[in-house]
Amino acid sequence: MKTNNNKRSFLQVNSRTVTKAFLIGTLMLGMVSCEDDLMLEPENNITQNSFYTTELQINQALSGVYSAMINSSSRGGYDVNLYLLASEVRSNNYTALSQNGNRDYYAINRFQDTSSTEEVGIIWDDTYQLISYANVILSRIDAVPFADNATKEQYRSETRFLRAYAYFELMRTFGKVPLIDRPVSPEEALTIQRTDLPTLYNFISSEIEASIAGLKDTYDAKNKGRITKAAAHAMLGRIYLTGAGYPLNNNAYVEKARANLLAVIQKEGQFVTFAPTYADLFKSANDNKYHLFEIQHISGGVSQGSLLPSYVTPNFGVNDPFYNAQSSLYSSGELGVSQSLINSYEPGDLRLPLTIKTSFIAQNGQPDNQNFFVKFREKGVVITNRYDWPINFPIIRYADVLLMYAEVLNMQGNTAAAVPFVNRIRQRAGLPALSTSLSSADFVTALRRERRSEFAGEGVYWHDLVRWNIGVAVINQAAAALNYNYTITTNDYLYQIPLTQVQIAGYEQNP
C-alpha cells in the first residue's frame, strides 16, 4: 500500500490548511441557506480582506477549490454524485433491483427523479460551491504579490480551468444554467437567469483555452495532481466533441476537438504515459501516473478518502478475497451491474474480470451470485472506515483521448487512420485488431462498443449516449427487455432544475 506522501503534500497542503481553506470559504461564501446557493460575495469583508493577501493563502484557497470535488456532500464527492449516481446509474450499465426510500439511485435509474430528488440538489450545490471558491480567488489574485509571476499565472490558470470544468458538468447535467463569473451579492445572484448553451460552451472553452499558457506540462512529486497542459487539451477535446453532438450539433467543433486531442497524443512518452495493462490503471499506487485529470483521494482519516468503492460493492464475508471489515452493502440486492453490460464484452476481453464480478462470499460464508463493479476495489487495502479508500477517480483518461481522436478522424472521413488508435486499446484488452478496411458505419458500431467496455463504471457511457443521441433508443430497449414500465424521450437527457432554485430564483424548468 502506498504512503500517499506526494498527494498529501499538494492536496492537503496538510490537513490543517485544507480545513482552513474550507472554513474560510464557508465563512466568505455564505453557504448557509437555499437562497444563498449562488451567493459568492461574503458578508464578512474583514475576514475576506485579511485572508486573500499572500501567495501562500492563494495556494491554500486553490487547494480548497480542488478539494471541493472530494466528499463535498454527506454522500461523497463528484465521483459518487456526478459520475456514479447521475451518470453511470442513469445508463443501462446499471439495473435498479429494489427501492430503498433513503436512496435516490432507484429513481434515477428508472427515470422517476423529479426536481425534488435530493441528489439533484446535491449536484447543483456541490458544483456551484467549486465555482464560488474559484470566483473569489480570481477576483482577488491580481492584488496579491507573488515572488514569481509565473506561479501567479499558474494558480490563476488552474482556477480558471476548474471553474470551467464545473460549468461543463453543470451544463451536461442540467442544460442551461446561470453563468456567474465573479463574486456577486445574494440579491444580484437571484436576478441572473439561465444562460443559453452556445454562450456556456463559448465561456467554458475560452476559459480553458486561456488557461493553457499558464499551466505546466508536469509537476514535481509534491505537486502531482495539479492541472497540466495535457489535461486542459484533453478536456477541451471532450468539450468540443460533446458540443459537436446532441443537442448543439456544432460541426465547427469537430476540428477543434481533433486539434486538442492531437496535442495530448503528441506529448506521449514525455508528459503522457500509456498504461501497459488495464489493471495498472486502477491501483492507488499508480495515482497521478496514467490519468490526465483525477479526483485526488487520500486515506488515513483526513476526510479525503473515496466513498465510491463502498457504494458499488457488497459487504463481503471474511473468506472473500476482496474482504475488508469496513465494507458496506449498497449494490447487492438493490442496485446491480446490468446483464446487458456484461453481455456487451467480447469473449476474452481482459477488462471484464477487472471491472465486474458476478459473485461474492457473503458474511454467512455462502456464495451470493450478484453483479457488481470491482474496478475501484483493491485487494488487501486496509482502511479505517468505509469512506476512506485511497484510490483516485479518473475524470479523463488517456485512453479516452485516443478513442475520441479516433472518433473524430472517422467523422472527418479518415476511418483507416482512426482504426489503429482503437486497436491500441483493444490490444491492451487482449482483443484482436479491427481491420483498417472497416466501413465508417461499422467503425462507429465498434467504437461505441469499445468505449462502453473501456470506461464501464466511470460515468462516461451515459454522456456518450446523449451526445450520440441514441440514449432514447438504448434506454427504451433496455427497459422493454426488463419489462420496466417506462419510456423516455430526449427531455430525459437532462435533470430537472432543483425545485428550491426554481422557487427562489424563478428559473424556467426543463421540460
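How much accessible surface does the protein chain have, and what share of it belongs to carbon and sulfur atoms? In this predicted model, the accessible surface comes to about 19000 Å². Carbon and sulfur atoms account for 50% of that area. The protein chain has 511 residues, and 62% of them count as buried. Its secondary structure comprises 21 helices and ten strands. Contacts were also sorted by separation along the sequence. Among those between residues at least 6 apart, 71% join residues at least 24 apart.

Aromatic rings were examined next. The count comes to 27 aromatic pairs. One of these joins Phe51 and Tyr52. The pair is edge-to-face, with 5.0 Å from centre to centre and 85° between the planes. Phe51 and Tyr52 are both buried. Another edge-to-face pair consists of Phe274 and Tyr398. Phe274 lies in the loop between helix H12 (252–265) and strand E4 (291–295), whereas Tyr398 belongs to helix H16 (residues 398–411), so the pair ties together parts that are 124 residues apart in sequence. Phe274 has a relative accessibility of 16%, which is under the 20% cut-off, so Phe274 counts as buried. Tyr398 is buried too, at 3%.

Ring pairs also build a cluster. Its members are Phe111, Tyr246, Trp462, Tyr484, Tyr486 and Tyr493.

Notes
Residues numbered from 1 in each chain as written. Predicted model: local features only at pLDDT ≥ 70, side-chain atom pairs only at ≥ 80, totals over all residues. Heavy atoms only, no water. Helix = DSSP H or I, 4+ residues; strand = E, 2+ residues; numbered from the N terminus. Buried < 20%, exposed > 50% of the residue type's maximum accessible area, 1.4 Å probe, protein only. Contact = heavy atoms within 4.5 Å. Areas by Shrake-Rupley, 256 points an atom, 1.4 Å probe, with all protein chains shown as cover. Phe/Tyr/Trp six-rings, centres within 6.5 Å; stacked < 30°, edge-to-face > 60°.
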